[in-house]
Amino acid sequence: MAICEVCGNDYSLSFEVHMVDGSAHTFDSIECAAHKLAPVCDNCGCKVLGHGHQAGGQFFCCAHCARAQGHAELADSA
């Protein structure tokens, strides 16, 4: 068993996520992995679990948040 680095649960079905930089993280759930690894929107602060938007070195959850920070060129696709 391995201990989740977010919640501390010692769980028999825990898993590791290996990063490009060679580091590894251990989690007991996708929720804990997202909490630790997902980027945060530079406007509203929510976790970005989809593709998100990038502009001017910033990361946004949606075009609305990007526009709120002055990036009018971005649009959501539906």
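Two strands pair if DSSP finds at least two bridges between them, a strand (E) being a DSSP run of at least two residues and a helix (H or I) one of at least four, numbered from the N terminus. Keep in mind that this is a predicted model, where local features need pLDDT of at least 70, side-chain atom pairs count only at pLDDT 80 or more, and totals for chains, interfaces and linings use all residues. Residues are numbered from 1 along each chain as its sequence is written, and side-chain values use heavy atoms, leaving out hydrogens and water.

**Exercise 1.** Find how many bridges join strand E3 to strand E4.

*Solution.* Start with E3 (residues 15–18) and E4 (residues 24–27): they run antiparallel and share four bridges.

**Exercise 2.** Work out which side chains make polar contacts with the side chain of Asp28.

*Solution.* First locate Asp28, in the loop between E4 and helix H1 (30–37). Then search for polar contacts (N or O atoms within 3.5 Å, one able to donate a hydrogen and the other to accept it within protein; residues adjacent in sequence count only if both atoms are side-chain atoms). The side chain of Asn9 is one partner, at 2.9 Å, and that of Ser29 is another, at 3.4 Å.

**Exercise 3.** Count the disulfides in the whole structure.

*Solution.* Apply the cut-off, a pair of cysteine sulfur atoms within 2.5 Å: the search finds zero. Take Cys41, whose nearest cysteine sulfur, that of Cys44, is 3.8 Å away. For Cys61, the sulfur of Cys46 is nearest, at 3.6 Å.
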